[in-house]
Amino acid sequence: MSPAGGGRGVRGIIATTALCLILTLALVLLAAGCGGEGTRTVEIVARYSRFQPDRVTVRAGQPISFTLRNDDPIDHEWIVGDEALHAHHRDGTEPSHGDRPTEQSLPALGEVQTTITFETPGTYQFVCHLPLHEDHGMKGTLVVTEG
Ligand SMILES: [Cu+2]
């Protein structure tokens with residue numbers, strides 16, 4: 001093995017190692033970037049028996065971490081779904097919610113977290129089904145766009 005050849009070999013190893021490091025770094029940054037985009041946080045505030053905002057747009061397939069804050073001194077609930085689900089809840093007798101991510105009881109002056117991934121694009125409603133709250137305007141629209 002000539003000295004020149006050995007030199008190229010070492011340089012080659014250094015170059016390969018550097019390339020590996022750069023690729024690794026790129027992958028780590030990519031993963032971190034994906035992690036940042038992976039779950040989106042959306043805050044919805046209940047105040048004066050209204051939801052704010054009352055329109056939310058999310059992408060299908062993306063996990064959404066909802067922070068549901070109730071600024072009112074009375075209980076509310078936040079139930080998201082299609083019209084059939086809301087028809088069911090209008091006549092519903094469930095006193096409280098929380099087992100299903102899409103159905104949350106919001107205690108007075110409390111805050112609730114729930115994470116939902118909407119898989120099917122479409123237009124959904126989120127509604128408080130406590131007596132007369134929906135009539136008062138305690139509802140909003142959730143649009144799920146193609147992922
Ligand atoms: Cu309410």
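**The five-stranded sheet**

Begin by selecting the open sheet of 5 strands, which has the order β3-β9-β8-β5-β6 and mixed pairing; strands here are DSSP runs (E, at least two residues), as helices are (H or I, at least four residues), both numbered from the N terminus, and two strands pair if DSSP finds at least two bridges between them. At the edges stand β3 (55–59) and β6, each with a single partner strand, so one side of each lacks a neighbour in the sheet. From one strand to the next the twist averages 20 degrees, with axes taken as lines fitted to C-alpha atoms (for helices over the stretch in contact) and angles running from 0 to 180 degrees between N-to-C directions.

Before going further, note how the model is to be read. This is a predicted model, in which local features need pLDDT of at least 70 and side-chain atom pairs count only at pLDDT 80 or more, whereas totals for chains, interfaces and linings use all residues. Residues are numbered from 1 along each chain as its sequence is written.

**β5 and its two partners**

On one flank, β5 pairs with β6 in the antiparallel sense over 4 bridges. Along that pairing, His-76 has Leu-106 as its bridge partner, Trp-78 stands opposite Gln-104, and Ile-79 stands opposite Glu-103. With β8, β5 also runs antiparallel, joined by 3 bridges, and there the bridge partner of Gly-81 is Gln-125.

Now show the side chains of β6 (residues 103–106): Glu-103 and Ser-105 point one way from the strand, Gln-104 and Leu-106 the other way, and all are buried.

**The four-stranded sheet**

Move to the other open sheet, in which 4 strands follow the order β2-β1-β4-β7, again with mixed pairing. Its edges are β2 (50–52) and β7 (111–117), each with a single partner strand, so one side of each is left without a neighbour in the sheet. Neighbouring strands of this sheet are turned by 25 degrees against each other on average, direction ignored.

Which residue stands opposite Gln-52 in β2? Select Val-45, which takes that position; the two strands, β1 and β2, pair in the antiparallel sense over 3 bridges.

**Loops on either side of β2**

In the loop between β1 and β2, select Tyr-48, whose phi is near 50 degrees, a positive value in a residue other than glycine. With 10 C-beta neighbours inside 10 Å, Tyr-48 counts as exposed. Ser-49, in the loop between β1 and β2, likewise is not a glycine and has a positive phi of about 55 degrees, but Ser-49 is partly exposed, with 16 other C-beta atoms within 10 Å.

Then select Pro-53, in the loop between β2 and β3, and inspect the peptide bond from Gln-52 to Pro-53, which is cis, with omega near 0 degrees.

Centre the view on Leu-142, which touches Val-56, Val-58, Val-80, Tyr-124 and Phe-126, not counting residues up to four places away in sequence; two residues are in contact if their C-beta atoms, placed from the backbone, lie within 7 Å.

**The whole chain**

Of its 147 residues, 18% count as buried. Among contacts with a separation of 6 or more, 72% join residues 24 or more positions apart.

How values were computed: A residue is buried if 20 or more other C-beta atoms lie within 10 Å of its own, exposed if 12 or fewer, and partly exposed in between; C-beta atoms are placed from the backbone.
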